[in-house]
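Thanks for coming, everyone. Let me put the structure on the screen, and then we'll walk through it.

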Amino acid sequence: MPDSKGNETFLTLQKKDLYKYINRLQELYSLSEAIIKNNSRIEDVYEAFLSAAKRLLNANKAAILVFDKNGALKFESQSGLSKKYIAGIKHSLRLRLKHKPLLINNTRDNKYLLSSKKLLLKEGISAYGFFPLLGADKVFGKLAVYYNKPHKFTDEEMQLAQIISKQISSLLERREANIGILDALVDGITVQNKEGRVIFANKTASHALGYESFEEMLKNPTKWVSEYELKDKKGGVFNPLNLPGRRVLNGEIYAEELIQYRNLKGEESRWVNIKSQPIYDDEGKLKMVINIMHDVTERFELEKRKDEFISSASHELKTPLAVLKGFAQVMQKEQDTEKNKYYLGKMVGQIDRLTNLVEDLLDVSKIQSGKLSLQKEKFNIVKLIEETATDLQLINNHKIILQNNILKKQVKADKSRIGEVLNNLISNAIKFSPKSDKVIVSIKDKKKDLVVKVRDYGIGMSSKDMKSIFQPFFQANNRIRQSFGGLGLGLHISSQIIWRHGGKIWVSSRKGEGSTFSFSLPLA
Amino acid sequence: MKKILVCDDDEGISEVIRIILEGANYQVNSLNSGHAIQKKIQQYEPDVILLDMWMPGIEGKEIIIMLKRSKNLSHIPIIVVSALSNTKDISRKYGADDFLEKPFDTNKLLSLVEKYAKA
């Protein structure tokens, strides 16, 4: 029969072991939690590793050491070591080749520790172990644990050390991969802390700001402020306080800016589109700002050249059109036969059509480059509508009916541009209602706005087409394009003109029953 | 007979304007550049000047400024005839009397010239 007291001791021991194991499991669990938590700082993760290593391996001090470019071990993070030791200790370069743990059970008695022995003893390190941090194809560094007393590593400690080392290695591997990816990006990326200091810049961003590397930027952070000249889209001086990153630091949730920058040393200037957005902590407070810089120099130059080309091309196209039209009209006057007069009239009509197409292309290029300028003046909108309707009535068979019940008639707008919109909407109404004989133009005032509606009884359109009708180059389908002609630019231009005036433009329509195009303008 | 000076580097434009205006009994002289325009205006004494904007050498806007500053010539009406889409703004900005966008309507050209030749 077993001794009852001995049995109890056995149980107590079992229980103690069990607690120990539970504690270890918990330790490892919290460690993995620290790694998984995406937004934790790398320093915090290292700290979690080091404190876990100390507790699980019963050590007094611990460190994560990483090989630098030259193969020397450098402290990445540490816990409990003195500054003197960190500065003074020289690790053997041979450690790089050692893929197995290096265990020193008793510093004092060890014969192979030469120069470092004194420093180790001074630091109170009586035993230590170096465990390799193995990546897929390289050794990143070592996990080091230090003991104040001589220490013999148990199998269990060896196993735990291996688990922790593996986790650190995979973290380092991931980080290296992340930075590798960031450095490989064509876009520049910088991260600012909440004080605005740049705490990370990838290779592209470092180069763009005039540094060889991010490390160099850290050493000399003012350079890019003092040595760069910033300009805005229109060539004016760009105030660095308006940089998107700065604006996000001041509370904006997103900022974007197109900036031209030039190194004052005389390098060529570049155009860069900067987008900035904040990163918040768990409590929703601003933690960091990420800036993404996309170089658009080539695209920008190309667009500028395109704009110049379109404006000179349209000038070049209009000059011969002017000559053609002039001669056609001279002939029209001198012709005796009605038949020839009719033909020449057709020619003049087609010249006008070509001219309108050229104008439309020019307008679209202006809209796209943001150069559509408005010359606002006060004028009587009803009078303009009447004039436009009268002009169009001369060359169309549809009856253009005006319905007007407004008292205030003054608007402050670009008269010729609004005339263009009216002309476009009424011409479209006529063009797309070949089987009908009338178009109704009504004018109403609605609070501070004036609303003009152009109603036709033509082919109408589906609700799907209504959504895209104001897009450039849109026409319902090829059949429409072939039977009605045009480039599909008129409504796009009209909508841009109305929007630029602070008005709205919209359409209501039903297929086969006709359409109503409406726009509003603020009354003067 | 009223005298009109057409200043345009495009021969087609000069010719068609000349034919249109001669058909309406005007006397027309053409210049294909702004070179020495001041001297030529003094010789020719036109009643109206039709001026293109884009020309090699002296540009239209410089000619307007120059003529409008000159004591003897500032009274001669200048009508800008241009294919630039901002013809209206440019002619206002530099002090031209009126403008006509290319391509123009024959009747519009005639009525404009008539208006300023009479005055």
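Start with two helices of chain A that meet, α2(A) and α5(A). Keep in mind that this is a predicted model. On the α2(A) side, the residues in contact are A:Ile42, A:Val45, A:Tyr46, A:Phe49, A:Ala52, A:Ala53 and A:Leu56. Facing them from α5(A) are A:Glu157, A:Leu160, A:Ile164, A:Gln167, A:Ile168, A:Leu171, A:Leu172 and A:Arg175. Sort this contact by class and you get 12 nonpolar, 1 polar and 2 charged residues.

How do the two helices lie? Helix α2 of chain A covers residues 42-56, and helix α5 of chain A covers residues 155-184. Their axes come within 10 Å and cross at roughly 170°. An angle over 145° counts as roughly antiparallel, and so that is how α2(A) and α5(A) run relative to each other.

Next, the interface between the chains. Chain B brings 21 residues to the contact, and chain A brings 19. About 1,800 Å² is buried between them, with carbon and sulfur atoms giving 61% of that area. Which residues of chain B lose the most area to chain A? They are B:Trp54, B:Ala83 and B:Pro103, together 30% of what that side buries.

Now the helices on the chain B side. α1 (11-23), α4 (87-94) and α5 (106-118) of chain B each supply at least two residues of the side touching chain A. α1(B) gives the most, with 6 residues. By class, that side of chain B divides into 10 nonpolar, 4 polar and 7 charged residues.

Let's go back to B:Pro103. Its bond to B:Lys102 is a cis peptide bond, with omega about -10°. B:Pro103 sits in the loop between β5 (98-101) and α5 of chain B.

Another backbone detail in chain B is at B:Asn25. B:Asn25 is not a glycine, yet its phi is positive, about 65°. Look for B:Asn25 in the loop between α1 and β2 (27-31) of chain B.

Last topic: salt bridges. Over all chains, the count by this rule comes to 18. In chain A, the side chains of A:Arg247 and A:Glu257 meet in a salt bridge, at 2.5 Å from N to O. A:Arg247 is in helix α9 (residues 244-249), and A:Glu257 is in strand β9 (residues 255-263), 10 residues apart.

That's the tour. Over to you.

Terms used: Residues are numbered from 1 along each chain as its sequence is written. Chains are lettered from A and ligands numbered from 1 in the order in which they are written. This is a predicted model: local features need pLDDT of at least 70, side-chain atom pairs count only at pLDDT 80 or more; totals for chains, interfaces and linings use all residues. Side-chain values use heavy atoms; hydrogens and water are left out. Axes are lines fitted to C-alpha atoms, for helices over the stretch in contact, and angles run from 0 to 180 degrees between N-to-C directions. Helices (H or I, at least four residues) and strands (E, at least two) are DSSP runs, numbered from the N terminus. Angles under 35 degrees count as roughly parallel, over 145 as roughly antiparallel, 65 to 115 as roughly perpendicular and the rest as oblique. Contact means heavy atoms within 4.5 Å. Ala, Val, Leu, Ile, Met, Phe, Trp, Tyr, Cys and Pro count as nonpolar, Asp, Glu, Lys and Arg as charged, and the others, Gly among them, as polar. Buried area is the accessible area (1.4 Å probe) that two parts lose on being put together, summed over both. A salt bridge is a side-chain nitrogen of Lys or Arg within 4 Å of a carboxyl oxygen of Asp or Glu.
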